[in-house]
Amino acid sequence: MSSRIGILGGTFDPIHYGHLAIAEEARVALHLSRVMVVPAGEQPLKAGRHVASSAHRLAMAHLACAGNPFFAVSAIEIERAGPSYTAVTLQQLHDQLPDALCLILGVDALADLPRWRDVQRILELASLVGVTRPGATLDLVRLARALPGVLERLTLIDGPRLDISSSDLRRRVAAGKPIRYQTPDAVVDYIAQHGLYRHSGEPHP
Ligand code: ATP
Ligand code: MG
């Protein structure tokens, strides 16, 4: 029987416990053999909006995932030139790996999926798992209307509902507030050592 691996993409600017917890939840719920965390290079829908370099975001992802033997980090999108389209990433992984692919998304990202490039190809290449996220609601009727066939490919799971976001962590660092216990200590230390996000200057929502 071939195994199934989870793919969790994102900007991870920075990675936090919300990401790690949904990856672990999906891994256990769907019996995934491992989860690959894939930091985006240049993110098409967030162009110019991330504030730490790819190298920093990748390094923090490695630090955060180091303690879980089922987690791996892939630089596939960072190493690829041009915008990080998930369809291209899944095609590359499909060509390289024998495993079935399962794309893990918070429901905010899932609601956005109809806007993604080559979304029908994404549905062919991977099954989807949508995980609850505090503050995000999912209109399944609307999603199914925008993306016919999506429901057959989708498993929804009730995740740990951690109300943590990278944008909030960036704002907290800029305001001199603590981020400890929202992301692993190694990431907290890395951010401090490299002076990341101190001047991210993002407006409050
Ligand atoms: P930002 O605030 O910069 O958008 P973020 O916290 O949303 O950052 P992303 O890198 O945009 O993090 O998210 C990557 C993936 O992780 C997306 O599928 C997103 O829905 C999911 N995700 C992030 N945080 C959570 C959370 N706390 N609960 C559930 N899903 C989450
Ligand atoms: Mg986000």
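Helices (H or I, at least four residues) and strands (E, at least two) are DSSP runs, numbered from the N terminus. In this predicted model, helix H7 covers residues 140-146 and includes leucine 140. Leucine 140 counts as partly exposed because its relative accessibility is 32%; buried means under 20% relative accessible area, exposed over 50%, and partly exposed in between (1.4 Å probe, protein chains only).

Together with Leu151 and Leu156, Leu140 forms a nonpolar patch on the surface, with about 230 Å² of accessible area.

## Threonine 86 in helix H4

Now let's turn to helix H4, residues 86-96, where threonine 86 sits. Threonine 86 counts as buried because its relative accessibility is 18%. Leaving aside residues up to four places away in sequence, threonine 86 touches Glu77, Leu103, Trp116 and Ile122 (contact means heavy atoms within 4.5 Å).

## The surroundings of ligand 1

Ligand 1 is surrounded by 21 residues, the closest being Asp108, Arg133, Leu162, Ser166 and Ser167 (a residue is near a molecule if one of its heavy atoms lies within 4 Å of it). At least two residues of this shell come from each of strand S1 (4-10), helix H1 (17-29), strand S4 (100-106), helix H5 (107-112) and helix H9 (166-174).

An oxygen atom of ligand 1 lies 2.9 Å from a side-chain N or O atom of histidine 19, and a polar side-chain atom of arginine 170 is 3.1 Å from an oxygen atom of ligand 1.

## Notes on the model

Residues are numbered from 1 along each chain as its sequence is written, while chains are lettered from A and ligands numbered from 1 in the order in which they are written. In this predicted model local features need pLDDT of at least 70, side-chain atom pairs count only at pLDDT 80 or more, and totals for chains, interfaces and linings use all residues; side-chain values use heavy atoms, with hydrogens and water left out.

Note on methods. Patch = residues over 30% accessible without salt bridge, like charges linked within 9 Å, V, L, I, M, F, W, Y side chains within 5 Å. Areas by Shrake-Rupley, 256 points an atom, 1.4 Å probe, with all protein chains shown as cover. Salt bridge = Lys/Arg side-chain N within 4 Å of Asp/Glu carboxyl O. Polar contact = N/O pair within 3.5 Å; in protein donor to acceptor, adjacent residues only side chain to side chain.
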